[in-house]
Amino acid sequence: SEGHQLKQPALIMISPKVSQKIIKNDNETATLLFNWKPLNYEKDMLTKIELSYDKDGIYPYQNKTVEAEETTFTLPNRTIYWKAYPVTKDGDEEKYIDSALQGSISVFSITPIKKLQPVNNVGLTYKAAQNGIQFAWTHDDLARGYELQIADNAEMNDPVISYTTAKTEARLDLIDYGTWYWQITPIYDDSIVASP
């Protein structure tokens with residue numbers, strides 16, 4: 001009645017993205033940090049994060065109500081749906097404020113890339129190397145490309161060659177005489193993160 005604008009409590013989600021993908025090795029556990037900024041929260045407001053196996057939240061996975069602006073969840077290998085919203089507590093009862101954010105997280109187990117060619121610790125004659133060295137590695141279903149790096153040290157500091165390709169092979173003839181080390185790194189799009 002006095003012309004003041006009503007400021008509804010809400011939150012801004014920093015992490016995860018609305019549609020997030022996580023990759024991990026088979027023997028690892030996937031964890032994901034939820035991180036947000038509260039807007040117009042009153043003094044005793046909390047944030048509720050609900051994870052479920054379905055979009056409607058009928059089959060819950062895990063829930064947390066927290067005072068902080070972040071929390072971590074351990075996730076199974078599948079798609080999980082999330083909702084986040086402000087709540088107030090009245091004793092043991094939580095009152096929900098209708099300004100929920102929601103999204104999905106898909107967890108994938110990946111097989112690490114294996115280097116196929118050249119074979120480890122096998123020497124090449126200088127003449128053979130001058131005709132080009134064939135590099136090959138296994139495919140990663142989620143990668144949109146690969147970065148091949150070659151360095152003169154096992155720590156891969158200051159690589160002398162960085163080569164990007166969408167294929168699982170490369171032929172390079174820029175390598176000089178000596179002992180060289182190589183590594184291949186998959187390149188993923190921005191919606192994919194590696195589990196810590």
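N40 is partly exposed in this predicted model, with a relative accessible area of 39%. The residue lies in the loop between strand 3 and strand 4, and its phi is near 55°, a positive value in a residue other than glycine. Most residues other than glycine have a negative phi, and most peptide bonds are trans.

**Another positive phi**
- D158 also has a positive phi, about 50°, although it is not a glycine.
- You will find D158 in the loop between strand 12 (145–151) and strand 13 (161–165).
- D158 counts as exposed because its relative accessibility, 69%, lies over the 50% cut-off.

**Cis peptide bonds**
- The peptide bond from S15 to P16 is cis, and its omega is near 10°.
- P16 sits in the loop between strand 1 (10–15) and strand 2.
- Q117 and P118 are likewise joined by a cis peptide bond, with omega about 0°.
- P118 belongs to the loop between strand 10 (115–117) and helix 1 (126–130).

- T29 is placed in the loop between strand 2 (19–25) and strand 3 (30–39).
- With a relative accessible area of 49%, T29 is partly exposed, because that class runs between 20% and 50%.
- T29 and T88 are 59 residues apart along the chain, and their C-alpha atoms are separated by 32 Å.

**A nonpolar patch on the surface**
- Y53, I58 and Y59 form this patch, and together they have about 340 Å² of accessible area.
- I58, one of these residues, lies in the loop between strand 4 and strand 5.
- I58 is exposed, with a relative accessible area of 57%.

**The second largest pocket**
- The volume of the second largest pocket is about 220 Å³.
- Its lining is made up of 16 residues, and S52, K55, Y81, W82 and K83 are the closest to the pocket's centre.
- Strand 4 (46–52), strand 5 (60–66), strand 7 (79–90) and strand 9 (101–110) are the elements that each give two or more residues to this lining.
- By residue type, the lining of the second largest pocket divides into 5 nonpolar, 6 polar and 5 charged residues.

Note on methods:
Residues are numbered from 1 along each chain as its sequence is written. This is a predicted model: local features need pLDDT of at least 70, side-chain atom pairs count only at pLDDT 80 or more; totals for chains, interfaces and linings use all residues. Side-chain values use heavy atoms; hydrogens and water are left out. On a 1 Å grid over the protein atoms alone, a cavity is a set of points where a 1.4 Å probe fits but cannot get out, and a pocket is an open set with protein on both sides within 12 Å along at least five of seven lines; lining residues have an atom within 4 Å of a point. Grid points are joined across faces, edges and corners, and a volume is the space filled by probe spheres set on the points. Helices (H or I, at least four residues) and strands (E, at least two) are DSSP runs, numbered from the N terminus. Ala, Val, Leu, Ile, Met, Phe, Trp, Tyr, Cys and Pro count as nonpolar, Asp, Glu, Lys and Arg as charged, and the others, Gly among them, as polar. Patches are made of residues with over 30% relative accessible area and no salt bridge: like charges are joined within 9 Å, nonpolar side chains (Val, Leu, Ile, Met, Phe, Trp, Tyr) within 5 Å. Accessible areas come from the Shrake-Rupley method with a 1.4 Å probe; for residues, only the protein chains shown count as cover. A salt bridge is a side-chain nitrogen of Lys or Arg within 4 Å of a carboxyl oxygen of Asp or Glu. Buried means under 20% relative accessible area, exposed over 50%, partly exposed in between (1.4 Å probe, protein chains only).
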